[in-house]
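Subject: Structure handover

Hello,

Here is the structure I said I would pass on. My notes on it follow below.

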Amino acid sequence: MIEARHLRVLRAVATTGSFSAAGRELGCTQPAVSQQMKALEAAVGTPLLVRTGREMRLTQAGDALVRHATGILAGLTAAEEEIAAIAGLRAGRVRLVSFPSGSSTLVPTALAALRAAHPGTRVSLEEAEPPRSLELLRQGDCDVALAFRYEGAADAAEWEDLVVRPLLTDRLVALVPERHRLARAGSVAIGDLAGDPWIAGCPRCRGQLVQVCEGAGFTPRIDFATDDYPAVVGLVGAGLGVAVLPQLAVESVRPRGACTVELEPAVRREIVALTLPDLAQVPAVAATLAELVRAGAR
């Protein structure tokens, strides 16, 4: 095996013309240079230098190896500098996946702070709801995933193999048209809305809605279903039904023609940032997670 240190010694010998001069250039002794050259010749299986008295010259193999050594050592130097930049957060890339309401609330705050602190770190953003976002993380298609799950969810073990950074607990609220009979109520039980038509959200949120409603003794009549929170708000505002949305989602949209009302008993979801254990040690990923945690605490 050819080692980089051997190539550096060979290049120094070729440049200076002697072991002793090469030793002075490299900051080591002449015997050390001689040992390195013997090790390199043993590794390649052929002589690299011809020694004639105090003079020495490169063999054909030695000349070829010196030519290649220049490019190899330049590449290694460039690689060392790039890795040092990444480790020092002067460079780096993070691929972030988030669900929509997280993208419009937590992510902008976190990424603005990250850019201010580490302008060389680049972050790309893609939107996906869990469990798709978790699949992307485990498949190596992203580095950090924002995800959520509802309190008491049956799939509580789905994050066991991941590094979990809790961000906040998000409470669900009822969204009703401004002229709804309960628009001015301080709070409502979900059963109070049993007779209304419903607008449902993403598949996971839809499943949670049906579960909560059935727990209250009724099955919701879902007239519309959409993953787009502004569309949900627009449909409610037009008087086409009621909905239950996370508070985080309501904060990201101006609810024209609609009012929010607290739900009792409370229904909550846990918002987290997830990554793989090895990725958590990467400086740019660790910095991104830290800023997401700070954004969730605001």
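Helix 4 (residues 60–87) holds both R67 and D63, which sit four residues apart, about one turn of the helix. Please keep in mind throughout that this is a predicted model. R67 and D63 form a salt bridge, with 3.6 Å between the closest N and O atoms. R67 counts as exposed at 55% relative accessibility, while D63 counts as partly exposed at 37%.

A search of the whole structure finds 15 salt bridges. Another of them joins R149 to E270, with the closest N and O atoms 3.7 Å apart. This pair links distant parts of the chain, since R149 is in strand 5 (residues 144–150) and E270 in strand 12 (residues 268–275), 121 residues apart. R149 is buried, at 16% relative accessible area, and E270 is partly exposed, at 27%.

E264 and R171 also form a salt bridge, their closest N and O atoms being 2.8 Å apart. E264 lies in the loop between strand 11 (258–263) and strand 12, and R171 in strand 6 (residues 163–177), so the pair ties together parts 93 residues apart in sequence. Both are partly exposed: E264 has a relative accessible area of 35%, and R171 one of 25%. R171, E262 and E264 are linked in a network of salt bridges.

E129 is buried yet has no salt bridge. The nearest side chain of opposite charge is that of R269, 5.8 Å away, which is beyond the 4 Å limit for a salt bridge. E129 is placed in the loop between strand 4 (121–127) and helix 6 (132–138). Leaving out residues up to four places away in sequence, E129 touches F99, P100, F148 and C202. C202 is itself buried, at 2% relative accessibility.

On cysteines, the structure holds zero disulfides. C259 is buried at 15% relative accessibility. The closest cysteine sulfur to that of C259 is in C213, 20 Å away, which is too far for a bond.

The largest nonpolar core has 57 residues, and V144, L146, I190, W198 and L292 have the most contacts inside it. Beyond its neighbours within four places in sequence, L146 is in contact with residues including L96, F99, L167, V272 and L292. A second, separate core has 16 residues, among them L40, L48, V66 and A69.

Last, helix 8 (residues 229–237) has Y229, V232, V233, L235 and V236 buried. They cover an arc of only 165° around the axis, so they lie on the same side of helix 8. G239 follows helix 8 and has a positive phi, near 80°.

Regards

Note on methods: Residues are numbered from 1 along each chain as its sequence is written. This is a predicted model: local features need pLDDT of at least 70, side-chain atom pairs count only at pLDDT 80 or more; totals for chains, interfaces and linings use all residues. Side-chain values use heavy atoms; hydrogens and water are left out. A nonpolar core is a set of buried Ala, Val, Leu, Ile, Met, Phe, Trp, Tyr and Cys residues joined through side-chain atoms within 4.5 Å. Buried means under 20% relative accessible area, exposed over 50%, partly exposed in between (1.4 Å probe, protein chains only). Contact means heavy atoms within 4.5 Å. Helices (H or I, at least four residues) and strands (E, at least two) are DSSP runs, numbered from the N terminus. Lys and Arg count as positive and Asp and Glu as negative; His and the chain ends are not counted. A disulfide is a pair of cysteine sulfur atoms within 2.5 Å. The arc is that of the directions from the helix axis to the C-beta atoms.
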